[in-house]
Amino acid sequence: MVKRKSIYIDNLVRIILIATIVIWSIQLIYPLLGILAWGFILAVIVYPFYDWLNTRIGLRPFLSASIITLCLLFLVLGVTFFVTNDIVQSIKIMTTRINANEQALPKLPTEIQNLPLIGNQIQTTWMSASQNLANEIVKYSDQLVETGKYALSKLLTTSRDFILFIISIILSGFLLLHSKDFMLFVRKLAKRIADENATDIINIIKTTLQNVSRGIIGIALLQTGIFWLLLSIAGASDVSLLSILALVLSIAQIGIVVLIIPVIIWLFFTKAFAVALTLSVLLILDGLIDSFLKPFVLARGLSTPMIIIFI
């Protein structure tokens, strides 16, 4: 009896030690889970391109993985540089105008000036800011400081996430290079968990990830192309910057509605009613196109019922 009790105590101590080590390991790995998850997802998404390229250049895994990784890095860093450079140039132009005592802000459209009740107030504030922006900044300094703090915190968070995403891209290249060994490990793990259903589960995961990536990125490119075309027809300024923002918002699943609404308002203030109405309807349809196309793209190759895909 005493011996059995001693065995129970020994087993309990072992379980507690194992649980402690597992919890501690999870706490250590937790900050890296996002990097690992994105690295895995990216590797699955670009694997068909990697496999195609590796076959074409004579089965050179290191070279193929390096090319795919560099292309991803070039795409992400290139878009980021373009957007950042455009924003910096806009800030430089405004700063130069302020230092030269020129009009820092563009002229307010006549339609806004003629708005009932608020038109005169908007015009007065706008003119004051255009003629002496420094005074307006001092006047609303408290609000601007709070807004600046919020914007800075968001910028720091975004910068951190961006760096982590770059690391995930590099990790995806490493996973592509060792894709055979990695898939063997995944199949063994799935076999232990799901036994005879392991192959089906792996195929469902692979198809789902690839369909989601094609649906999100493909439809985002389609939406952005239509958005760019409509803005070009409307004669908007900074079409390239707005289109890149639309692409980022579409891929991030935020949607381009946040850009479409101010564009529609601008159209009705600056264009003839018929033109503004036509372009607005087309912009709204462009904003809704993902809701109709995405379920069909995501369902391709899957046995999941369409009603579930729509939900």
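T69 counts as buried at 11% relative accessibility, where buried denotes under 20% relative accessible area, exposed over 50% and partly exposed in between (1.4 Å probe, protein chains only). The structure is a predicted model in which local features need pLDDT of at least 70 and side-chain atom pairs count only at pLDDT 80 or more, while totals for chains, interfaces and linings use all residues. Residues are numbered from 1 along each chain as its sequence is written, and side-chain values use heavy atoms, with hydrogens and water left out.

T69 is placed in helix α3, which covers residues 61-99; helices (H or I, at least four residues) and strands (E, at least two) are DSSP runs numbered from the N terminus. When neighbours within four places in sequence are set aside, T69 is in contact (heavy atoms within 4.5 Å) with I169, I170 and G173.

Q223 belongs to helix α9, residues 198-234. Apart from neighbours within four places in sequence, the contacts of Q223 are S250, I256, D286, G287, I289 and D290.

For the protein chain as a whole, 13 helices and 0 strands are assigned. Buried residues make up 26% of the 311 residues of the protein chain. Among contacts in the protein chain between residues at least 6 apart in sequence, 62% join residues at least 24 apart. The protein chain exposes about 21700 Å², of which carbon and sulfur atoms supply 72%; accessible areas come from the Shrake-Rupley method with a 1.4 Å probe, and for residues only the protein chains shown count as cover.
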